[in-house]
Amino acid sequence: MAEEVAKLVVGDQTYEFPVLHGTVGPDVIDIRSLYAKTGMFTYDPGFTSTAACDSSITYIDGDKGELMYRGYPIEQLADKSNYLEVCYLLLYGELPNAWQLNDFKDRVTRHTMVHEQIHYFYRGFRRDAHPMAIVCGVVGAMAAFYHDSIDISDADQREIASIRMIAKIPTIVAMAYKYSVGQPFVYPRNDLDYSSNFLRMCFSVPAEEYVVNPVIARAMDLIFTLHADHEQNASTSTVRLAGSSDANPFACIAAGVACLWGPAHGGANEAALNMLREIGTVDRIPEFIAKAKDKNSGVRLMGFGHRVYKNYDPRAKVMQETAKEVLALMGVENNPTLQVAQELEKIALSDPYFIERKLYPNVDFYSGIILDAIGFPTSMFTAIFALSRTVGWIAQWKEMIADPQKKIGRPRQLYDGAVTRDYEPLIERE
Ligand code: CMC
(Lines give C-alpha, C1' and ligand atoms only; values in the text may rest on other atoms or scores of the structure.)
Protein backbone atom coordinates (compact mmCIF):
# COMPACT_ATOMS: atom_id res chain seq x y z
CA MET A 1 0.00 0.00 0.00
CA ALA A 2 1.35 3.45 -0.94
CA GLU A 3 2.51 5.55 2.00
CA GLU A 4 -0.09 8.12 2.95
CA VAL A 5 1.20 11.67 2.61
CA ALA A 6 0.06 15.14 3.61
CA LYS A 7 0.71 17.93 1.11
CA LEU A 8 1.73 21.42 2.09
CA VAL A 9 1.38 24.10 -0.55
CA VAL A 10 3.41 27.29 -0.07
CA GLY A 11 3.26 29.67 -3.06
CA ASP A 12 3.91 27.54 -6.12
CA GLN A 13 5.75 24.80 -4.20
CA THR A 14 4.19 21.58 -2.89
CA TYR A 15 5.90 19.60 -0.17
CA GLU A 16 4.96 16.09 0.94
CA PHE A 17 5.16 14.71 4.46
CA PRO A 18 4.42 11.18 5.65
CA VAL A 19 1.30 10.55 7.74
CA LEU A 20 1.96 8.21 10.69
CA HIS A 21 -0.69 6.07 12.37
CA GLY A 22 -0.80 5.05 16.02
CA THR A 23 -2.81 2.07 17.28
CA VAL A 24 -5.66 4.40 18.22
CA GLY A 25 -6.20 8.16 18.19
CA PRO A 26 -5.49 10.88 15.63
CA ASP A 27 -2.90 10.30 12.91
CA VAL A 28 0.09 12.63 12.88
CA ILE A 29 1.89 14.44 10.08
CA ASP A 30 5.60 13.73 10.35
CA ILE A 31 7.15 17.17 9.89
CA ARG A 32 10.68 16.34 11.02
CA SER A 33 11.98 17.30 7.59
CA LEU A 34 9.89 20.50 7.36
CA TYR A 35 12.68 22.98 8.13
CA ALA A 36 15.20 21.21 5.89
CA LYS A 37 12.70 21.13 3.01
CA THR A 38 11.00 24.51 3.39
CA GLY A 39 13.12 26.70 5.69
CA MET A 40 10.00 27.23 7.83
CA PHE A 41 8.96 26.18 11.33
CA THR A 42 5.51 25.31 12.60
CA TYR A 43 3.91 27.68 15.11
CA ASP A 44 2.02 26.01 17.97
CA PRO A 45 2.20 27.81 21.34
CA GLY A 46 0.98 25.52 24.10
CA PHE A 47 1.58 22.53 21.76
CA THR A 48 -2.16 22.12 21.20
CA SER A 49 -1.57 20.40 17.83
CA THR A 50 1.84 18.85 18.38
CA ALA A 51 2.75 15.25 19.21
CA ALA A 52 6.20 15.62 20.78
CA CYS A 53 6.99 11.89 21.02
CA ASP A 54 5.58 8.43 20.46
CA SER A 55 4.54 6.66 23.62
CA SER A 56 2.80 3.39 24.50
CA ILE A 57 1.98 4.21 28.12
CA THR A 58 -1.24 6.23 28.41
CA TYR A 59 -4.02 7.08 25.98
CA ILE A 60 -6.68 9.75 26.40
CA ASP A 61 -9.70 10.33 24.17
CA GLY A 62 -10.70 13.77 25.39
CA ASP A 63 -13.94 13.95 23.39
CA LYS A 64 -15.23 10.64 24.71
CA GLY A 65 -13.81 11.19 28.21
CA GLU A 66 -11.68 8.02 28.09
CA LEU A 67 -8.40 7.33 29.85
CA MET A 68 -6.38 4.12 29.53
CA TYR A 69 -3.10 2.99 31.08
CA ARG A 70 -1.41 0.51 28.71
CA GLY A 71 -4.81 -0.15 27.13
CA TYR A 72 -6.70 -0.79 30.38
CA PRO A 73 -9.62 1.63 31.04
CA ILE A 74 -9.07 3.69 34.19
CA GLU A 75 -12.48 2.67 35.56
CA GLN A 76 -11.44 -1.02 35.54
CA LEU A 77 -8.11 -0.29 37.17
CA ALA A 78 -9.78 1.91 39.80
CA ASP A 79 -12.30 -0.82 40.54
CA LYS A 80 -10.16 -3.96 40.40
CA SER A 81 -6.51 -3.06 40.77
CA ASN A 82 -4.36 -1.14 43.24
CA TYR A 83 -1.64 1.47 43.02
CA LEU A 84 1.45 -0.76 43.16
CA GLU A 85 0.03 -3.09 40.51
CA VAL A 86 -0.70 -0.01 38.38
CA CYS A 87 2.88 1.18 38.96
CA TYR A 88 4.14 -2.16 37.62
CA LEU A 89 1.83 -1.88 34.62
CA LEU A 90 2.98 1.66 33.81
CA LEU A 91 6.66 0.83 34.23
CA TYR A 92 6.84 -2.55 32.49
CA GLY A 93 3.88 -2.50 30.09
CA GLU A 94 1.94 -5.56 31.33
CA LEU A 95 0.00 -6.51 34.42
CA PRO A 96 2.24 -8.61 36.68
CA ASN A 97 1.63 -12.25 37.58
CA ALA A 98 1.52 -13.08 41.30
CA TRP A 99 5.28 -13.73 41.54
CA GLN A 100 6.17 -10.55 39.63
CA LEU A 101 3.88 -8.45 41.80
CA ASN A 102 5.32 -9.85 45.04
CA ASP A 103 8.84 -9.31 43.79
CA PHE A 104 8.00 -5.72 42.76
CA LYS A 105 6.34 -4.98 46.12
CA ASP A 106 9.38 -6.38 47.87
CA ARG A 107 11.75 -4.22 45.83
CA VAL A 108 9.68 -1.08 46.49
CA THR A 109 9.19 -1.69 50.22
CA ARG A 110 12.93 -2.34 50.74
CA HIS A 111 13.73 1.17 49.51
CA THR A 112 11.22 3.23 51.49
CA MET A 113 13.71 4.74 53.96
CA VAL A 114 15.65 7.86 53.01
CA HIS A 115 19.32 8.43 53.81
CA GLU A 116 19.51 9.60 57.42
CA GLN A 117 21.42 12.71 56.35
CA ILE A 118 18.30 13.83 54.43
CA HIS A 119 16.64 14.47 57.81
CA TYR A 120 19.12 17.30 58.42
CA PHE A 121 18.33 18.69 55.01
CA TYR A 122 14.70 19.20 56.10
CA ARG A 123 15.74 21.10 59.19
CA GLY A 124 17.16 23.84 56.96
CA PHE A 125 13.66 24.77 55.74
CA ARG A 126 11.38 27.24 57.51
CA ARG A 127 8.54 25.46 59.33
CA ASP A 128 6.00 27.36 57.23
CA ALA A 129 7.59 26.37 53.90
CA HIS A 130 5.11 25.05 51.33
CA PRO A 131 5.44 21.23 51.09
CA MET A 132 5.92 21.52 47.31
CA ALA A 133 8.97 23.75 47.86
CA ILE A 134 10.40 21.12 50.22
CA VAL A 135 9.54 18.16 47.98
CA CYS A 136 11.03 19.88 44.93
CA GLY A 137 14.25 20.60 46.83
CA VAL A 138 14.59 17.18 48.46
CA VAL A 139 13.84 15.22 45.26
CA GLY A 140 16.47 17.25 43.38
CA ALA A 141 18.90 16.68 46.26
CA MET A 142 18.52 12.89 45.98
CA ALA A 143 21.14 12.98 43.24
CA ALA A 144 23.57 14.05 45.96
CA PHE A 145 22.73 10.97 48.04
CA TYR A 146 22.31 8.12 45.53
CA HIS A 147 25.38 8.36 43.34
CA ASP A 148 25.04 4.75 42.26
CA SER A 149 21.82 5.42 40.32
CA ILE A 150 22.50 8.54 38.27
CA ASP A 151 24.32 7.06 35.27
CA ILE A 152 21.46 7.16 32.81
CA SER A 153 23.32 5.11 30.19
CA ASP A 154 23.21 2.08 32.52
CA ALA A 155 19.83 0.28 32.39
CA ASP A 156 20.36 -1.23 35.87
CA GLN A 157 20.97 2.21 37.36
CA ARG A 158 17.88 3.56 35.62
CA GLU A 159 15.89 0.70 37.14
CA ILE A 160 17.19 1.24 40.66
CA ALA A 161 16.59 5.01 40.40
CA SER A 162 12.98 4.27 39.36
CA ILE A 163 12.38 1.96 42.30
CA ARG A 164 14.02 4.42 44.69
CA MET A 165 11.82 7.29 43.48
CA ILE A 166 8.57 5.31 43.79
CA ALA A 167 9.58 3.89 47.18
CA LYS A 168 10.90 7.08 48.77
CA ILE A 169 8.47 9.72 47.50
CA PRO A 170 5.79 8.86 50.14
CA THR A 171 8.46 9.15 52.85
CA ILE A 172 9.65 12.49 51.45
CA VAL A 173 6.11 13.92 51.20
CA ALA A 174 5.12 12.64 54.67
CA MET A 175 8.28 14.16 56.15
CA ALA A 176 7.40 17.53 54.58
CA TYR A 177 4.04 17.32 56.36
CA LYS A 178 5.50 16.25 59.72
CA TYR A 179 8.04 19.05 59.54
CA SER A 180 5.32 21.63 58.92
CA VAL A 181 3.31 20.54 61.98
CA GLY A 182 6.35 20.27 64.24
CA GLN A 183 6.01 16.53 64.86
CA PRO A 184 8.80 13.93 64.70
CA PHE A 185 9.41 12.18 61.40
CA VAL A 186 7.84 8.72 61.28
CA TYR A 187 9.93 5.97 59.67
CA PRO A 188 8.22 3.76 57.05
CA ARG A 189 6.86 0.34 58.01
CA ASN A 190 7.41 -2.37 55.44
CA ASP A 191 4.59 -4.62 56.68
CA LEU A 192 2.01 -2.06 55.54
CA ASP A 193 0.73 -1.57 52.01
CA TYR A 194 1.82 1.54 50.08
CA SER A 195 -1.08 3.84 50.98
CA SER A 196 -1.44 2.64 54.61
CA ASN A 197 2.27 3.23 55.12
CA PHE A 198 1.91 6.77 53.75
CA LEU A 199 -1.09 7.52 56.00
CA ARG A 200 0.79 6.19 59.03
CA MET A 201 3.88 8.27 58.23
CA CYS A 202 1.63 11.35 58.06
CA PHE A 203 -0.74 10.82 60.96
CA SER A 204 0.86 8.60 63.60
CA VAL A 205 2.76 10.00 66.58
CA PRO A 206 5.16 8.12 68.86
CA ALA A 207 2.83 8.64 71.85
CA GLU A 208 0.13 6.23 70.67
CA GLU A 209 -0.71 3.39 68.32
CA TYR A 210 -2.12 4.40 64.92
CA VAL A 211 -4.54 2.04 63.22
CA VAL A 212 -5.11 2.68 59.52
CA ASN A 213 -8.78 2.68 58.50
CA PRO A 214 -9.14 0.42 55.41
CA VAL A 215 -11.74 2.73 53.76
CA ILE A 216 -9.35 5.67 54.05
CA ALA A 217 -6.44 3.53 52.83
CA ARG A 218 -8.50 2.44 49.80
CA ALA A 219 -9.51 6.07 49.05
CA MET A 220 -5.85 7.08 49.26
CA ASP A 221 -4.86 4.23 46.96
CA LEU A 222 -7.55 5.35 44.46
CA ILE A 223 -6.27 8.93 44.51
CA PHE A 224 -2.77 7.59 43.77
CA THR A 225 -4.07 5.33 40.98
CA LEU A 226 -6.17 8.01 39.26
CA HIS A 227 -3.27 10.47 39.23
CA ALA A 228 -0.56 7.96 38.28
CA ASP A 229 -0.10 9.08 34.67
CA HIS A 230 -1.78 11.37 32.19
CA GLU A 231 0.00 11.27 28.86
CA GLN A 232 2.11 14.28 27.78
CA ASN A 233 0.75 16.87 30.26
CA ALA A 234 2.82 19.92 31.29
CA SER A 235 4.81 18.28 34.11
CA THR A 236 5.44 15.06 32.16
CA SER A 237 6.60 17.05 29.15
CA THR A 238 8.85 18.99 31.55
CA VAL A 239 10.35 15.73 32.85
CA ARG A 240 10.92 14.56 29.26
CA LEU A 241 12.47 17.88 28.24
CA ALA A 242 14.78 17.89 31.26
CA GLY A 243 15.66 14.24 30.60
CA SER A 244 16.34 14.87 26.92
CA SER A 245 19.61 16.57 27.92
CA ASP A 246 20.61 13.35 29.77
CA ALA A 247 20.10 15.03 33.16
CA ASN A 248 19.93 12.55 36.05
CA PRO A 249 16.49 11.12 36.96
CA PHE A 250 16.21 12.90 40.31
CA ALA A 251 16.83 16.29 38.65
CA CYS A 252 14.21 15.44 36.01
CA ILE A 253 11.57 14.47 38.58
CA ALA A 254 12.32 17.65 40.57
CA ALA A 255 11.61 19.60 37.36
CA GLY A 256 8.28 17.76 37.07
CA VAL A 257 7.39 18.61 40.68
CA ALA A 258 8.15 22.29 39.99
CA CYS A 259 5.87 22.36 36.95
CA LEU A 260 3.08 20.48 38.70
CA TRP A 261 2.97 23.11 41.44
CA GLY A 262 1.19 25.66 39.19
CA PRO A 263 -2.53 26.30 39.87
CA ALA A 264 -3.43 25.57 36.24
CA HIS A 265 -1.98 22.04 36.68
CA GLY A 266 -1.46 20.09 39.94
CA GLY A 267 -2.07 23.12 42.14
CA ALA A 268 -5.72 23.08 41.03
CA ASN A 269 -6.82 20.67 43.79
CA GLU A 270 -5.61 23.11 46.46
CA ALA A 271 -7.13 26.03 44.56
CA ALA A 272 -10.44 24.16 44.06
CA LEU A 273 -10.93 23.49 47.76
CA ASN A 274 -9.94 27.05 48.67
CA MET A 275 -12.52 28.26 46.13
CA LEU A 276 -15.29 26.02 47.56
CA ARG A 277 -14.52 27.34 51.04
CA GLU A 278 -14.48 30.92 49.80
CA ILE A 279 -17.93 30.41 48.26
CA GLY A 280 -18.94 28.93 51.62
CA THR A 281 -22.68 28.50 51.15
CA VAL A 282 -24.92 27.38 48.29
CA ASP A 283 -26.67 30.77 48.01
CA ARG A 284 -23.37 32.46 47.04
CA ILE A 285 -22.80 30.19 44.01
CA PRO A 286 -24.58 32.35 41.36
CA GLU A 287 -22.44 35.36 42.31
CA PHE A 288 -19.28 33.24 41.96
CA ILE A 289 -20.35 31.71 38.64
CA ALA A 290 -20.94 35.22 37.29
CA LYS A 291 -17.36 36.13 38.26
CA ALA A 292 -15.96 32.98 36.62
CA LYS A 293 -17.74 33.95 33.38
CA ASP A 294 -16.44 37.52 33.47
CA LYS A 295 -13.06 37.61 31.65
CA ASN A 296 -12.06 40.82 33.47
CA SER A 297 -12.44 39.29 36.93
CA GLY A 298 -9.42 36.99 36.56
CA VAL A 299 -11.50 34.29 38.32
CA ARG A 300 -11.80 30.76 36.93
CA LEU A 301 -13.84 27.92 38.28
CA MET A 302 -11.00 25.83 39.68
CA GLY A 303 -11.40 22.10 39.16
CA PHE A 304 -13.29 22.79 35.91
CA GLY A 305 -12.02 22.49 32.36
CA HIS A 306 -9.17 20.52 30.86
CA ARG A 307 -6.85 20.94 27.92
CA VAL A 308 -7.65 17.47 26.60
CA TYR A 309 -11.00 16.40 28.10
CA LYS A 310 -13.85 18.11 26.34
CA ASN A 311 -16.21 15.77 28.15
CA TYR A 312 -16.51 14.59 31.78
CA ASP A 313 -13.05 13.69 33.15
CA PRO A 314 -13.43 9.91 33.81
CA ARG A 315 -11.31 10.27 36.94
CA ALA A 316 -13.75 12.84 38.36
CA LYS A 317 -16.59 10.28 38.26
CA VAL A 318 -14.62 7.78 40.36
CA MET A 319 -13.54 10.57 42.73
CA GLN A 320 -17.10 11.77 43.21
CA GLU A 321 -18.21 8.30 44.42
CA THR A 322 -15.18 7.95 46.69
CA ALA A 323 -15.80 11.42 48.15
CA LYS A 324 -19.27 10.32 49.22
CA GLU A 325 -17.94 7.11 50.85
CA VAL A 326 -15.18 8.88 52.74
CA LEU A 327 -17.43 11.68 53.95
CA ALA A 328 -20.04 9.16 55.11
CA LEU A 329 -17.34 7.28 57.02
CA MET A 330 -16.10 10.46 58.66
CA GLY A 331 -19.72 11.35 59.51
CA VAL A 332 -19.51 14.55 57.46
CA GLU A 333 -21.79 13.71 54.53
CA ASN A 334 -23.61 16.95 55.25
CA ASN A 335 -20.34 18.80 54.98
CA PRO A 336 -21.03 22.33 53.58
CA THR A 337 -18.04 22.13 51.22
CA LEU A 338 -19.43 18.97 49.57
CA GLN A 339 -22.85 20.60 49.34
CA VAL A 340 -21.35 23.63 47.61
CA ALA A 341 -19.35 21.31 45.30
CA GLN A 342 -22.42 19.29 44.30
CA GLU A 343 -24.58 22.34 43.71
CA LEU A 344 -21.82 24.19 41.85
CA GLU A 345 -21.35 21.19 39.56
CA LYS A 346 -25.09 21.03 38.86
CA ILE A 347 -25.35 24.75 38.07
CA ALA A 348 -22.17 24.87 35.96
CA LEU A 349 -23.22 21.82 33.92
CA SER A 350 -26.47 23.50 32.95
CA ASP A 351 -25.00 26.92 32.20
CA PRO A 352 -24.54 27.71 28.46
CA TYR A 353 -21.11 29.36 29.13
CA PHE A 354 -19.71 26.07 30.45
CA ILE A 355 -21.64 23.86 28.01
CA GLU A 356 -20.45 25.78 24.93
CA ARG A 357 -16.81 25.67 26.09
CA LYS A 358 -17.11 22.00 27.12
CA LEU A 359 -15.97 22.77 30.65
CA TYR A 360 -16.63 19.76 32.88
CA PRO A 361 -15.38 18.97 36.40
CA ASN A 362 -11.89 17.50 36.39
CA VAL A 363 -10.26 15.09 38.87
CA ASP A 364 -9.20 17.91 41.16
CA PHE A 365 -12.74 19.05 41.83
CA TYR A 366 -13.40 16.09 44.15
CA SER A 367 -9.94 14.92 45.21
CA GLY A 368 -9.48 17.99 47.41
CA ILE A 369 -12.71 17.22 49.30
CA ILE A 370 -11.50 13.69 50.03
CA LEU A 371 -8.04 14.78 51.13
CA ASP A 372 -9.59 17.43 53.37
CA ALA A 373 -11.90 14.83 54.98
CA ILE A 374 -8.91 12.52 55.56
CA GLY A 375 -7.26 15.36 57.47
CA PHE A 376 -4.67 16.79 55.09
CA PRO A 377 -4.21 20.57 54.99
CA THR A 378 -4.74 22.10 51.53
CA SER A 379 -1.02 22.83 51.18
CA MET A 380 -0.40 19.05 51.07
CA PHE A 381 -2.78 18.37 48.16
CA THR A 382 -0.38 19.11 45.33
CA ALA A 383 2.43 17.24 47.10
CA ILE A 384 0.16 14.17 47.19
CA PHE A 385 -0.52 14.64 43.47
CA ALA A 386 3.28 14.73 42.93
CA LEU A 387 3.65 11.52 44.94
CA SER A 388 1.02 9.80 42.77
CA ARG A 389 2.42 11.12 39.47
CA THR A 390 6.03 10.14 40.22
CA VAL A 391 5.52 6.70 38.66
CA GLY A 392 4.11 8.26 35.49
CA TRP A 393 7.04 10.66 35.22
CA ILE A 394 9.50 7.80 35.77
CA ALA A 395 7.77 5.51 33.24
CA GLN A 396 7.76 8.28 30.61
CA TRP A 397 11.38 9.18 31.37
CA LYS A 398 12.48 5.54 31.04
CA GLU A 399 10.58 5.18 27.79
CA MET A 400 12.29 8.27 26.40
CA ILE A 401 15.81 7.24 27.46
CA ALA A 402 15.35 3.80 25.87
CA ASP A 403 14.03 5.32 22.60
CA PRO A 404 16.70 5.15 19.86
CA GLN A 405 15.14 8.29 18.30
CA LYS A 406 15.74 10.36 21.45
CA LYS A 407 17.01 13.87 20.73
CA ILE A 408 17.57 16.84 23.01
CA GLY A 409 14.32 18.85 23.11
CA ARG A 410 14.86 22.18 21.41
CA PRO A 411 11.76 24.07 20.27
CA ARG A 412 12.21 27.03 17.92
CA GLN A 413 10.33 30.33 17.88
CA LEU A 414 8.69 33.00 15.76
CA TYR A 415 10.98 35.92 16.54
CA ASP A 416 9.21 39.27 16.68
CA GLY A 417 11.81 41.35 18.53
CA ALA A 418 14.12 44.09 17.24
CA VAL A 419 16.09 43.46 14.06
CA THR A 420 19.88 43.98 13.99
CA ARG A 421 20.91 47.38 15.36
CA ASP A 422 24.17 48.93 16.55
CA TYR A 423 25.16 49.33 20.18
CA GLU A 424 25.02 52.97 21.34
CA PRO A 425 27.44 54.12 24.02
CA LEU A 426 25.63 55.12 27.25
CA ILE A 427 26.50 58.78 26.81
CA GLU A 428 24.72 58.95 23.46
CA ARG A 429 21.44 57.38 24.69
CA GLU A 430 18.49 59.68 25.40
N1 CMC B 1 -13.51 28.68 34.46
C2 CMC B 1 -14.03 29.60 33.62
N3 CMC B 1 -13.72 29.66 32.30
C4 CMC B 1 -12.83 28.77 31.82
C5 CMC B 1 -12.25 27.78 32.65
C6 CMC B 1 -12.62 27.76 34.01
N7 CMC B 1 -12.10 26.83 34.84
N8 CMC B 1 -11.41 27.02 31.91
C9 CMC B 1 -11.45 27.51 30.66
N10 CMC B 1 -12.31 28.57 30.60
C11 CMC B 1 -12.71 29.33 29.41
C12 CMC B 1 -11.62 30.30 28.96
O13 CMC B 1 -11.80 31.57 29.55
C14 CMC B 1 -11.83 30.31 27.47
O15 CMC B 1 -12.97 31.09 27.18
P16 CMC B 1 -13.03 31.94 25.78
O17 CMC B 1 -13.00 30.90 24.68
O18 CMC B 1 -14.31 32.69 25.87
O19 CMC B 1 -11.81 32.84 25.78
C20 CMC B 1 -12.21 28.86 27.14
O21 CMC B 1 -12.84 28.36 28.35
C22 CMC B 1 -11.02 27.97 26.77
O23 CMC B 1 -10.03 28.12 27.79
P24 CMC B 1 -8.48 27.86 27.59
O25 CMC B 1 -7.73 28.55 28.69
O26 CMC B 1 -8.08 28.21 26.17
O27 CMC B 1 -8.40 26.29 27.76
P28 CMC B 1 -7.11 25.45 27.98
O29 CMC B 1 -7.36 24.14 27.38
O30 CMC B 1 -5.89 26.18 27.56
O31 CMC B 1 -7.04 25.36 29.58
C32 CMC B 1 -7.14 24.60 31.81
C33 CMC B 1 -7.24 24.22 30.33
C34 CMC B 1 -7.17 23.32 32.67
C35 CMC B 1 -5.79 25.30 32.09
C36 CMC B 1 -8.31 25.54 32.19
O37 CMC B 1 -9.54 24.92 31.90
C38 CMC B 1 -8.27 26.00 33.64
O39 CMC B 1 -7.57 26.97 33.95
N40 CMC B 1 -9.02 25.30 34.55
C41 CMC B 1 -8.97 25.61 35.97
C42 CMC B 1 -7.74 24.99 36.58
C43 CMC B 1 -7.85 23.49 36.74
O44 CMC B 1 -8.85 22.98 37.27
N45 CMC B 1 -6.78 22.78 36.35
C46 CMC B 1 -6.68 21.34 36.57
C47 CMC B 1 -6.60 20.57 35.30
S48 CMC B 1 -6.81 18.80 35.64
C49 CMC B 1 -5.45 18.34 36.56
C50 CMC B 1 -4.16 18.44 35.85
O51 CMC B 1 -4.02 17.91 34.73
O52 CMC B 1 -3.22 19.01 36.41
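In this predicted model, lysine 37 lies over the face of phenylalanine 17, with 4.7 Å to the ring centre. A second contact of this kind involves arginine 127, whose charged end sits over the ring of tyrosine 179 at 4.1 Å from the centre.

Attention then turns to contacts between aromatic rings. A pair of aromatic rings is described by two quantities, the distance of the centres and the angle of the planes. The count for this model comes to 20 aromatic pairs. One of them joins tyrosine 83 and phenylalanine 224: the ring centres are 5.3 Å apart and the planes meet at 55°, so the pair is tilted. An angle over 60 degrees would have been needed for edge-to-face, and one under 30 degrees for stacked. Because tyrosine 83 belongs to helix 3 (residues 83-92) and phenylalanine 224 to helix 9 (residues 214-226), the pair ties together parts that are 141 residues apart in sequence. Tyrosine 83 is buried, its relative accessible area being 0%, and phenylalanine 224 is likewise buried, with a relative accessible area of 0%.

Another pair is formed by phenylalanine 304 and phenylalanine 354, and its geometry is edge-to-face, with 6.0 Å from centre to centre and 70° between the planes. This pair also links distant parts of the chain, 50 residues apart. Phenylalanine 304 lies in the loop between helix 13 (285-293) and helix 14 (314-329), while phenylalanine 354 lies in helix 16 (residues 352-356). Both phenylalanine 304 and phenylalanine 354 are buried.

Which residues make up the aromatic cluster that contains Tyr83 and Phe224? Alongside these two, the cluster takes in Tyr177, Tyr194, Phe198, Phe203 and Phe376. The tilted pair of tyrosine 83 and phenylalanine 224 can thus be viewed within this one aromatic cluster.

Technical notes. Residues numbered from 1 in each chain as written. Predicted model: local features only at pLDDT ≥ 70, side-chain atom pairs only at ≥ 80, totals over all residues. Heavy atoms only, no water. Phe/Tyr/Trp six-rings, centres within 6.5 Å; stacked < 30°, edge-to-face > 60°. Helix = DSSP H or I, 4+ residues; strand = E, 2+ residues; numbered from the N terminus. Buried < 20%, exposed > 50% of the residue type's maximum accessible area, 1.4 Å probe, protein only. Lys NZ or Arg CZ within 6 Å of the ring centre and 35° of its normal.
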